[in-house]
Amino acid sequence: MGIPSGYTSAQVVQAVPTGINSALVKINTTTVSAQNTVTLSNVFSSTYHSYMFTISNLSGSDAGIRATLGTTATGYSWAGEEWYYNATSINRRSSNVGYFEVAICKPNAGSSSLFYIQNPFLSVRSTFQTMAVTTGNNPGTIQQAGFLDDATSYTNIVFTMTDSGTFSATISAYGLVNS
């Protein structure tokens, strides 16, 4: 199927034909180059309850990337598992920590992540799910899910390396239209 008449390729993800009550709308795309911390401001609003983020062409220090909603540094709880090519499997669970993990970064480009956040703007508990793939010397994947245990309305999301290193990537934010 080609690009619908009247749209450019950049608008296709935003096109909502008559009679369709849901869609994925691009909010923001940011290119990051050699940063330790990146803030996406005014991403969350009353327009959407659920958001999807992609992190692509990720490279940098051999570490993870954490996300926080606004400046909240406590109350995140999550569980998940990591699998690596060398047959290592790690079950992980954290309660009341200062972040949720959204990506694994390796020194070579090519790692990626897809994650969802529900209700960050509403004054209710926010939930999230992460699926990330890394390339490099020991390629692997992570899957995690959890929540932020507070009832605060957020507009910003902050991405930070787990060490003092830096990362480069393209980060895109999408809103899922409420039907």
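Start with T30: apart from neighbours within four places in sequence, T30 is in contact with L40, A169, T170 and I171, where contact means heavy atoms within 4.5 Å. T30 sits in strand β1, residues 24–35. Its side chain also makes a polar contact of 3.1 Å with the side chain of N28. A polar contact here is a pair of N or O atoms within 3.5 Å; within protein, one must be able to donate a hydrogen and the other to accept it, and residues adjacent in sequence count only if both atoms are side-chain atoms.

Some housekeeping. This is a predicted model, in which local features need pLDDT of at least 70 and side-chain atom pairs count only at pLDDT 80 or more, while totals for chains, interfaces and linings use all residues. Residues are numbered from 1 along each chain as its sequence is written, and side-chain values use heavy atoms, with hydrogens and water left out.

Now the chain as a whole. The secondary structure comes to zero helices and twelve strands; helices (H or I, at least four residues) and strands (E, at least two) are DSSP runs, numbered from the N terminus. Of the 179 residues, 40% count as buried, meaning under 20% relative accessible area, with exposed over 50% and partly exposed in between, using a 1.4 Å probe and protein chains only. Among contacts with a separation of 6 or more, 72% are between residues 24 or more positions apart.

Next, one of the sheets. Four strands form an open sheet in the order β2-β11-β4-β7, with antiparallel pairing; two strands pair if DSSP finds at least two bridges between them. At the edges are β2 (37–40) and β7 (100–105), each of which pairs on one side only. Inside the sheet, β4 (residues 63–69) and β11 (residues 157–161) pair in the antiparallel sense over five bridges. T68 stands opposite V158 in β11.

Where does P120 lie? P120 is in the loop between β8 (111–118) and β9 (126–134). P120 has a relative accessible area of 0%, so it is buried. Not counting residues up to four places away in sequence, P120 touches F44, H49, Y51, L69, S126, T152, S153 and Y154. H49 is 71 residues from P120 along the chain, yet their C-alpha atoms are separated by 7.2 Å.

Last, the aromatics. A search of the whole structure finds ten aromatic pairs. Rings of Phe, Tyr and Trp (its six-membered ring) pair if their centres lie within 6.5 Å; planes under 30 degrees apart count as stacked, over 60 as edge-to-face and the rest as tilted. F53 and F159 have ring centres 6.3 Å apart and planes at 65 degrees, so this pair is edge-to-face. The pair links distant parts of the chain, with F53 in strand β3 (residues 48–60) and F159 in strand β11, 106 residues apart. Both F53 and F159 are buried.

For Y76 and F100, the ring centres are 6.0 Å apart and the planes are at 50 degrees, so the pair is tilted. Y76 belongs to strand β5 (residues 76–84) and F100 to strand β7, 24 residues apart. Y76 counts as buried because its relative accessibility is 0%, and F100 is buried too, at 1%.
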